[in-house]
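Hi,

Here is the structure I promised to pass on.

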Amino acid sequence: NKGQFTRKSDEAFVLLFGEKNKNTAISIKNTLDRNGLDSEKSSALIKKHNPRRMFFNRAQLNEKMSKRLFGAKKNSSFIIQRDSGFSVFYIIDTFKKGSVKDLVYVNDEIQSKILALKNHILKERIIDSLTVEHGKN
């Protein structure tokens with residue numbers, strides 16, 4: 001069972017900010033790089049801009065993006081210009097292929113598997129009780 005919670009490829013855990021304005025993107029990058037995640041400034045910035053927390057799988061990235069995410073050190077950031085504006089990537093952590101995922105990252109998956117198993121058991125019990133009551137058709 002432990003194998004189902006190991007990483008199939010290298011992964012990067014990232015905060016992704018999407019901004020229309022270049023100066024705002026630069027300000028976000030500078031604030032995060034200077035203060036890290038544990039500061040009041042960064043906390044306020046995250047509340048204000050509501051970034052997405054994302055995992056990027058090395059196997060699914062092009063070579064240039066892979067080098068940017070996995071070549072940089074943790075707690076650093078970079079900006080990419082896109083058609084819709086600018087994206088600020090803040091690298092929280094990187095993980096090697098084969099490493100075991102932390103509980104915080106797999107908790108939802110575990111809960112859904114438990115729920116599916118409970119539903120299956122309940123369904124089987126209902127079928128068994130109906131079979132006993134009404135006979136098999």
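Predicted model: local features only at pLDDT ≥ 70, side-chain atom pairs only at ≥ 80, totals over all residues.

**Where two helices meet**

T24, I28, T31, L32 and N35 in α1 meet K41, S42, L45 and H49 in α2, where meeting is contact, that is, heavy atoms within 4.5 Å. Residues are numbered from 1 along each chain as its sequence is written, and side-chain values use heavy atoms, leaving out hydrogens and water.

Back to the pair. Two packed helices are described by the angle between their axes and the distance between the axes. For α1 and α2 the angle is about 145 degrees and the axes are 9 Å apart (axes are lines fitted to C-alpha atoms, for helices over the stretch in contact, and angles run from 0 to 180 degrees between N-to-C directions). The crossing of α1 and α2 is left-handed, a term used if the near helix is turned anticlockwise from the far one by less than a right angle.

**More on α1**

How far apart are the end C-alpha atoms of α1? They are 20 Å apart, which agrees with the 20 Å that its 14 residues (22-35) should span at 1.5 Å a residue; the expected span is 1.5 Å times one less than the number of residues.

A25, I28, T31 and L32 are buried in this helix (buried is under 20% relative accessible area, exposed over 50%, partly exposed in between, with a 1.4 Å probe and protein chains only). Seen down the axis of α1, the buried residues fall within an arc of 130 degrees, so they line one face of the helix; the arc is that of the directions from the helix axis to the C-beta atoms. As background, an α-helix has 3.6 residues a turn, so residues three or four places apart point the same way. The face of α1 turned away from the buried side carries the exposed residues N23 and R34. Covering the buried residues of α1 are elements including β1 (11-19), α2 (40-49), β3 (76-82) and β4 (85-95).

Now the two ends. N21 caps the N-terminal end of α1, with a side-chain oxygen 2.7 Å from the backbone nitrogen of N23. After α1 comes G36, with a positive phi near 70 degrees.

S77 is in strand β3 and, at 10% relative accessibility, counts as buried. Its side chain is joined to that of D33 by a polar contact of 2.8 Å (a pair of N or O atoms within 3.5 Å; within protein, one must be able to donate a hydrogen and the other to accept it, and residues adjacent in sequence count only if both atoms are side-chain atoms). Leaving aside residues up to four places away in sequence, S77 touches K29, D33, V88, F89 and Y90.

**Helix α3**

Which residues of α3 (63-71) are buried? They are M65, S66, L69 and F70. Seen down the axis of α3, these fall within an arc of 110 degrees, so they line one face of the helix. They pack against β1, β2 (52-57), β3 and β4. On the face of α3 turned away from the buried side are the exposed residues E63, K64, K67 and G71. N62 caps the N-terminal end of α3, where a side-chain oxygen lies 3.2 Å from the backbone nitrogen of K64.

Most residues other than glycine have a negative phi. N50, in the loop between α2 and β2, has a positive phi near 45 degrees, and at 63% relative accessibility N50 counts as exposed. N75, in the loop between α3 and β3, has a positive phi near 60 degrees; at 43% relative accessibility, N75 counts as partly exposed.

Finally, R7 sits in the segment before β1 and is buried, with a relative accessible area of 2%. The side chain of R7 makes a polar contact of 3.1 Å with the side chain of E11.

Cheers

Terms used
Helix = DSSP H or I, 4+ residues; strand = E, 2+ residues; numbered from the N terminus.
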